[in-house]
Amino acid sequence: MLIVMQHGATPDQVRRVVAVIEELGYQARALPGKQRTAVGLVGNDGRVDASRLETLPGVQEIIHVSKPYKQVSREWQDEPTVVHLPGGVTVGGTEIVAIAGPCSVENEKQIIDTARLVKEAGAVILRGGAFKPRSSPYSFQGLGRPGLALLARAREETGLLVCTEAMDPEAVGWVAEVADIIQVGARNMQNFSLLKAVGRCGKPVLLKRGMAATITELLLSAEYLLAEGNRDVILCERGVRGFDTATRNLFDISAIPVVHKLSHLPIIADPSHGTGLREKVLPMARAAVAAGADGIMVEVHPNPDAALSDGAQTLYPGQFAQLMREVRVIADVIGRRVAEPAPVGA
Ligand code: PEP
Ligand code: MN
């Protein structure tokens with residue numbers, strides 16, 4: 001529920017509203033909107049009796065948020081959220097960001113070579129898993145903490161920001177020390193203890209859609225992050241399970257405009273996991289940007305045929321450079337621009 005204050009409501013009147021919300025046993029959240037002063041009420045799982053609030057001095061109107069998620073909804077906040085990252089990179093504004101790198105961090109040379117080549121092509125954020133959620137326990141599980149140290153080295157070398165996954169609440173602290181963005185993977189989208197820990201970690205979060213999750217479920221998972229006080233949330237469409245085995249997943253491009261309508265949070269697209277097939281990544285990246293994605297996440301490796309995970313969907317360096325060239329043209333057509341990396345050596 002939102003309590004919208006009259007134009008010119010005094011700080012005392014706002015404090016009174018907050019106090020009454022707390023007396024009723026709920027939590028009050030001040031809302032950052034430029035257009036209006038409002039106080040959000042959270043902590044309820046159903047409709048709240050607003051009679052004590054609507055008569056308070058300075059209150060203009062009460063809006064009941066009709067969706068099961070509250071703070072992530074457009075009803076709660078109409079202006080798009082812009083996530084500010086170090087170095088002036090933004091996600092959710094005019095810029096479109098490219099996040100690129102290997103599926104897994106494998107060794108120092110591999111991650112630094114990849115960082116250099118994706119930066120050269122125009123990525124601003126390096127991806128790479130140190131903790132890998134693998135379907136088989138016998139597959140490469142990632143380097144763990146040493147992999148995080150290698151990502152930090154790659155950032156020192158190139159100035160790229162780092163996005164990497166945390167798989168369990170215990171590891172969130174380690175990942176948060178290194179990552180500029182903490183990734184919550186598809187398999188963990190509804191790991192609520194992880195979401196709570198990541199919501200409290202103080203770093204921006206990339207929340208990937210679960211492989212069998214509805215958009216409502218994705219937004220409810222994002223709500224966990226905002227409920228813990230983390231507003232820097234970026235959503236990611238990465239394909240859902242379909243019936244057709246021609247691609248690894250069914251890449252749901254329509255999720256992009258649907259999420260933009262329902263939520264103020266930015267959403268990026270991952271056509272690598274979305275399709276599972278290297279030659280489908282470029283057309284789907286084009287389509288995602290045309291559909292309004294605020295960024296793309298793509299797997300790239302200096303030698304995809306030798307990659308320790310997800311080689312079949314991983315781009316060769318030349319393919320990634322081509323993708324970036326094409327995506328810049330599409331961004332321009334829709335009045336956006338692709339974020340440029342800082343000059344080499346910066
Ligand atoms: C990944 O980004 O490497 C990954 C494991 O993705 P997802 O969680 O979408 O499968
Ligand atoms: Mn992968």
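**The manganese site and ligand 1**

Modeller: In this predicted model, the donors of the manganese ion (ligand 2) are spaced along the chain as C-x169-H-x25-E-x10-D.

Colleague: What makes Cys103, His273, Glu299 and Asp310 donors of the manganese ion?

Modeller: Cys103 (SG), His273 (NE2), Glu299 (OE) and Asp310 (OD) lie 2.1 to 2.4 Å from the ion. A donor is an N, O or S atom within 2.8 Å of the metal, so these atoms qualify.

Colleague: Why are histidine 273 and glutamate 299 said to link distant parts of the chain?

Modeller: Histidine 273 belongs to helix 9 (residues 271-275), whereas glutamate 299 belongs to strand 14 (residues 295-299), and the two are 26 residues apart.

Colleague: Are histidine 273 and glutamate 299 buried or exposed?

Modeller: Both histidine 273 and glutamate 299 are buried; the term requires under 20% relative accessible area.

Colleague: Which residues surround ligand 1?

Modeller: Among them are Cys103, His273 and Glu299, together with Lys132, Ala186 and Arg187. By class, this shell has 3 nonpolar, 3 polar and 6 charged residues.

Colleague: How do you know that lysine 132 makes a polar contact with ligand 1?

Modeller: A polar side-chain atom of lysine 132 is 2.8 Å from an oxygen atom of the ligand. The cut-off for a pair of N or O atoms is 3.5 Å, so the pair counts. Arginine 187 also has a side-chain N or O atom 2.9 Å from a ligand oxygen, and alanine 186 places a backbone N or O atom 2.7 Å from an oxygen of ligand 1.

Colleague: How much of the accessible area of ligand 1 does the protein cover?

Modeller: Of the 290 Å² that ligand 1 has on its own, the protein covers 97%.

Definitions and conventions
Residues numbered from 1 in each chain as written. Chains lettered and ligands numbered in written order. Predicted model: local features only at pLDDT ≥ 70, side-chain atom pairs only at ≥ 80, totals over all residues. Heavy atoms only, no water. Donors = N, O, S within 2.8 Å, 3.2 Å for Na, K, Ca; no water. Helix = DSSP H or I, 4+ residues; strand = E, 2+ residues; numbered from the N terminus. Buried < 20%, exposed > 50% of the residue type's maximum accessible area, 1.4 Å probe, protein only. Near = heavy atom within 4 Å. Polar contact = N/O pair within 3.5 Å; in protein donor to acceptor, adjacent residues only side chain to side chain. Areas by Shrake-Rupley, 256 points an atom, 1.4 Å probe, with all protein chains shown as cover. Nonpolar A, V, L, I, M, F, W, Y, C, P; charged D, E, K, R; others polar.
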